Amino acid sequence: METCKEMNHEGSKRLLRGWVTVSKEHLASVLLFMRTPAEQLRMGFLQHLLLSLNALPSHPPSNSLRIFFRNLAYYSSLKSLAIWHPESLFTADPELADSISALKTIKNLRLDNAGEQSLLLLCSLQSRLTRAAVRFELTQTEYSAATYTKVIDVFRYSQDTLESLDLVAPYYMARGRPVYPRVSRVSIRHPPYTPHLSYFIHAFPNVTTFSLFDVITDGFLTETDTKETRAVNLAFNRAHNTWPTLDSICMPLKLLYLYGISHTIREVTVHDQ
């Protein structure tokens, strides 16, 4: 029996090493594997979890998944969590988001095809993240500027721990947003045009790598306004020694000119929208 216990221990550790993917086809078998007398032991081995379920409101995931996450909150030291199609999953079972938000050990979080329900999860998440990657479903036309202004707010609980942020969302920069002093890497795709670099500097004062892709250019300035805005940015940058830690930047050429970052940067990548 001692040998069996040892094999059970080592076998579980090997099976749960690395990323564990839970798909619709394997949901029942994974939950059954975890729900054994050795549940506490096995949950302790689980470090990286990917959910790929894409549930429908008419076919919500089983209650067992909700219970599984509640138990994870007690027994596991889960470090990484990725959820594909979280919006459909949380719409089908709103209480599932509550169970996931109780996790306290997640350092690396990725949500793909997120939306309003995912924002609620992020607002209540009890883990202090170091890396976050959130890709919003851009075909959802009902999202408002107010919704996207919240995007940066939802990481408040991780203000002192977050180091890397990847967003795919029309995130509206605004004054008074939280400050993330440890963030060194920022990548934002599909942001609306933001004329003043100070908004980004306020949120991420110590960034080393900063990238903007697919900027929504509807609000780009006229040539006269562009020169005036560049002058404002240049004056701000000189007065505040803007981003002395910046080592790499990637953005459209017009924005690079507009923002007027005047100190030496090791790597500059420009792209045409």
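The largest cavity is lined by Leu 122, Leu 125, Ser 127, Leu 129, Val 154, Phe 155, Tyr 157 and Ser 158. A cavity here is a set of points, on a 1 Å grid over the protein atoms alone, where a 1.4 Å probe fits but cannot get out, and lining residues have an atom within 4 Å of a point. The space in the largest cavity is about 40 Å³, and the structure holds one cavity of 30 Å³ or more. Grid points are joined across faces, edges and corners, and the volume is the space filled by probe spheres set on the points. The lining comprises six nonpolar residues, two polar and no charged; Ala, Val, Leu, Ile, Met, Phe, Trp, Tyr, Cys and Pro count as nonpolar, Asp, Glu, Lys and Arg as charged, and the others, Gly among them, as polar.

The model is predicted: local features need pLDDT of at least 70, side-chain atom pairs count only at pLDDT 80 or more, and totals for chains, interfaces and linings use all residues. Residues are numbered from 1 along each chain as its sequence is written, and side-chain values use heavy atoms, with hydrogens and water left out.

The protein chain has 11 helices and 10 strands, taken as DSSP runs numbered from the N terminus (helices H or I, at least four residues; strands E, at least two). Of its 273 residues, 46% are buried, where buried means under 20% relative accessible area, exposed over 50%, and partly exposed in between (1.4 Å probe, protein chains only). Among contacts (heavy atoms within 4.5 Å) between residues at least 6 apart in sequence, 63% join residues at least 24 apart.

Helix H10 (residues 223–240) has 18 residues and spans 26 Å from its first C-alpha to its last, close to the 26 Å expected at 1.5 Å a residue; the expected span is 1.5 Å times one less than the number of residues. Its buried residues are Thr 226, Thr 229, Asn 233, Leu 234 and Asn 237. Seen down the axis of H10, these fall within an arc of 145°, so they line one face of the helix. The arc is that of the directions from the helix axis to the C-beta atoms. Helix H9 (198–203) and helix H11 (253–259) are among the elements that cover the buried residues of H10. Thr 224, Lys 227, Arg 238 and Ala 239 are exposed on the other side of H10.

Two residues in the loop between H10 and strand S9 (248–252) are Asn 241 and Trp 243. Asn 241, which follows H10, has a positive phi of about 50° although it is not a glycine. Trp 243 is not a glycine either, and its phi is positive at about 45°. Most residues other than glycine have a negative phi.

In helix H6 (residues 94–101), Leu 96, Ala 97, Ser 99, Ile 100 and Ser 101 are buried. They pack against helix H4 (63–75), strand S3 (80–84), helix H5 (86–92) and H7.

| Residue | Relative accessibility |
|---|---|
| Ser 118 | 1% |
| Leu 167 | 2% |
| Trp 243 | 1% |

Ser 118 belongs to helix H7 (residues 116–124). Beyond its neighbours within four places in sequence, Ser 118 contacts Pro 86, Glu 87, Phe 90 and Leu 111. Leu 167 lies in strand S6 (residues 164–168). With neighbours within four places in sequence left aside, the contacts of Leu 167 are Val 134, Val 151, Phe 155, Ser 187, Ile 188 and Arg 189.

Conventions
1 Å grid on protein atoms, 1.4 Å probe; cavity = no way out; pocket = protein on both sides within 12 Å on 5 of 7 lines; lining within 4 Å.
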